[in-house]
Amino acid sequence: MAVKYSKTRDFGAKGRKSLKLGKKMFTKKSVHRLKSLAKKRASAWRKKGYIARVVKLTKGYGVYTHTK
């Protein structure tokens, strides 16, 4: 029996480089052990004009950005 494709499960998958947050696609830019370091990196991306988010991963924190 065929399994129905689920975009929610696909884009929420562990190890994936892109993530759907809200109605926007975000790309993984970096991974940090500490949240404080991830927040600093996200802040730097925002200064360049990107929308940036910090997401808790299995090990550490990831910084995801959306296009300008």
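Let's start with a pair of residues: alanine 52 sits across from threonine 65, which is in strand S4. The model you're looking at is predicted, so local features need a pLDDT of at least 70 and side-chain atom pairs count only at pLDDT 80 or more, while totals for chains, interfaces and linings use all residues. Residues are numbered from 1 along each chain as its sequence is written, and side-chain values use heavy atoms, with hydrogens and water left out.

The strands that hold this pair are S3 and S4 (residues 61-66), which run antiparallel and are joined by six bridges. Two strands count as paired if DSSP finds at least two bridges between them. Strands themselves are DSSP runs of E with at least two residues, helices are runs of H or I with at least four, and both are numbered from the N terminus. The hairpin of S3 and S4 has four residues between the strands, and in it glycine 60 takes a positive phi near 90°.

Now zoom out. The chain has two helices and four strands, and from the N terminus on, the elements go α-β-β-α-β-β. The four strands make an open sheet in the order S1-S2-S4-S3, with antiparallel pairing. At the edges are strand S1 (18-21) and strand S3 (51-56), each of which pairs on one side only. Neighbouring strands of the sheet are turned by 40° against each other on average, direction ignored; the axes here are lines fitted to C-alpha atoms (for helices, over the stretch in contact), and angles run from 0 to 180 degrees between N-to-C directions. What holds such strands side by side? Strands of a sheet pair through backbone hydrogen bonds, either parallel or antiparallel.

S4 has another partner too: five bridges join S2 to S4, and these two run antiparallel. Here valine 31 stands opposite glycine 62 in S4.

So is S4 enclosed or open to the outside? Six of its six residues are buried, so S4 is largely enclosed by the rest of the structure. Buried means under 20% relative accessible area, exposed means over 50%, and partly exposed is in between (1.4 Å probe, protein chains only). In a regular strand the side chains alternate between the two faces of the sheet. In S4 both faces are covered: Tyr61, Val63 and Thr65 are buried on one side, and Gly62, Tyr64 and His66 on the other.

Back to threonine 65, which lies in strand S4. Threonine 65 has a relative accessible area of 3%, so it is buried. Who are its neighbours? Leaving out residues up to four places away in sequence, threonine 65 touches Met25, Phe26, Thr27, Lys29, Trp45, Tyr50, Ile51 and Ala52, where contact means heavy atoms within 4.5 Å. Take isoleucine 51: it is 14 residues from threonine 65 in sequence, yet the two are 5.6 Å apart in space, C-alpha to C-alpha.

(Rings of Phe, Tyr and Trp, using the six-membered ring of Trp, pair if their centres lie within 6.5 Å; planes under 30 degrees apart are stacked, over 60 edge-to-face, and the rest tilted.) Tryptophan 45 counts as buried because its relative accessibility is 18%, whereas tyrosine 50, at 22%, counts as partly exposed.

Over in strand S2 (residues 24-32) you'll find histidine 32, which is buried because its relative accessibility is 12%. Among the residues histidine 32 touches, not counting those up to four places away in sequence, are Leu37, Gly60 and Tyr61.

Finally, the whole chain: buried residues make up 25% of its 68 residues, and its C-alpha trace spans about 50 × 25 × 15 Å along the principal axes.
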